[in-house]
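Subject: Structure for your review

Hello,

Here is the structure I promised to pass on. My notes on it follow below.

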Amino acid sequence: MRYLGNKDSILHEIEEIVKIKKLKKGKVFFDAFSGTASVGNHFKNKFKIIANDNLYLSFVYSYGKLNNPSTKFEKLGLNPFDYFNEPNVFLDGFVYKNYSPGGSNRMYFSEENVTGVVPKKTSRDQGNFYYQLLQKYGSKKCYICGNEIEETIVASHIHRITDIDNSTTMTEEEKNIAAIDSDNGFWLCANHDKMFENGLFYFLDDKLIISNDIKGLVDRTEKYVEKSISNIKDGILQKNIRALVYRMSDELVLKNFKIEPIHYTPKMHDYLEIHRHRVKGF
Ligand SMILES: [Zn+2]
């Protein structure tokens, strides 16, 4: 943890003083204002540490840091680093309002970083979103490629939760509805989830459109293939190779992929429009 006034940066100076004073191993070291115990922690293998701080947070933090060689988070049932780094939730809490440009003139934290400082829990019910997707699409399976490896499949929003949370035009009720609406999502594998989020593909009505970024790559590949097979004398072999390569690139660009009519609702259309506006600007 980094903290305002953290003493990490003056550790080497304290170390110098300890050396000059010739303090022997095994003596008592008094960390008078321990904060997050970075000083006590640094010297704990040399000296017996007495740490002091008036702030209860510092007491708990120092106690844990000085008494345990390492901290596992088994009982939490989640990885707290993943939790706090989760980009999909955003709360303009105390630190955001007082220590970031988002809510004050202060710039101790950037607006993005402060969301990793404030424990944030989205009020949107993601368990329910899973349930709604199960109802609409059935069990986890990438809507684009059919990948069924459960561990790689995510419940992907079309209108992103982070944008829903930050929306200034939606009411709180509209936000809650959009966050769990099965028309606002599908199961996607991790690859297609990222590609969709970054706009490498998007939808025009129910039709999947590949972004030019990928198309260029495929076109270049096809040109390269034509050049490579142009010397092959055996016409049938040449034709077969071409067919094989083109089938592979067809799969890559997912030509003529359409959302099934049973899934394509007017509401889904609206969400897809929001997505396309975000990634393509039109
Ligand atoms: Zn996929």
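Lys22 counts as exposed because it has 6 C-beta neighbours inside 10 Å; a residue is exposed with 12 or fewer other C-beta atoms within 10 Å of its own, buried with 20 or more, and partly exposed in between, with the C-beta atoms placed from the backbone. Lys22 is in the loop between helix H1 (11–20) and strand S1 (28–31). Helices (H or I, at least four residues) and strands (E, at least two) are DSSP runs, numbered from the N terminus. Although Lys22 is not a glycine, its phi is positive, about 50°.

Ala37 is another non-glycine residue with a positive phi, about 65°. Ala37 sits in the loop between S1 and helix H2 (38–43), and counts as buried because 23 other C-beta atoms lie within 10 Å. Most residues other than glycine have a negative phi.

This is a predicted model, in which local features need pLDDT of at least 70 and side-chain atom pairs count only at pLDDT 80 or more, while totals for chains, interfaces and linings use all residues. Residues are numbered from 1 along each chain as its sequence is written.

On confidence: the mean pLDDT (the predictor's confidence in each residue, from 0 to 100) of the protein is 82, and 84% of its residues reach 70 or more. The pLDDT is below 50 over residues 117–121, a stretch with 12 contacts in the model beyond near neighbours in sequence. Two residues are in contact if their C-beta atoms, placed from the backbone, lie within 7 Å. Where pLDDT is low, the predicted coordinates should not be read in detail.

The protein has 13 helices and six strands, and 18% of its 282 residues count as buried. Of the contacts with a separation of 6 or more, 57% are between residues 24 or more positions apart.

The largest nonpolar core has 11 residues, among them Leu133, Ile144, Phe186 and Trp187. A nonpolar core is a set of buried Ala, Val, Leu, Ile, Met, Phe, Trp, Tyr and Cys residues joined through C-beta atoms within 7 Å. Strand S3 (153–157) and S4 each supply at least two residues of this core, and S4 gives the most, with four residues. Leaving aside neighbours within four places in sequence, Trp187 is in contact with residues including Leu133, Tyr137, Cys142 and Ile153. A second, separate core of five residues includes Tyr202, Phe203, Met268 and Leu272.

Next, H13. Its 15 residues should span 21 Å at 1.5 Å a residue, and the end C-alpha atoms are 21 Å apart, which agrees; the expected span is 1.5 Å times one less than the number of residues. Met268, Leu272 and His275 of H13 are buried. They cover an arc of only 55° around the axis, so they are on the same side of H13; the arc is that of the directions from the helix axis to the C-beta atoms. Pro266 and His277 are exposed on the other side of H13. The buried residues of H13 pack against strand S5 (201–204).

Finally, Asp183 lies in the loop between helix H9 (172–180) and strand S4 (185–189). Asp183 touches Thr265, Lys267, Met268 and Tyr271, not counting residues up to four places away in sequence.

Regards
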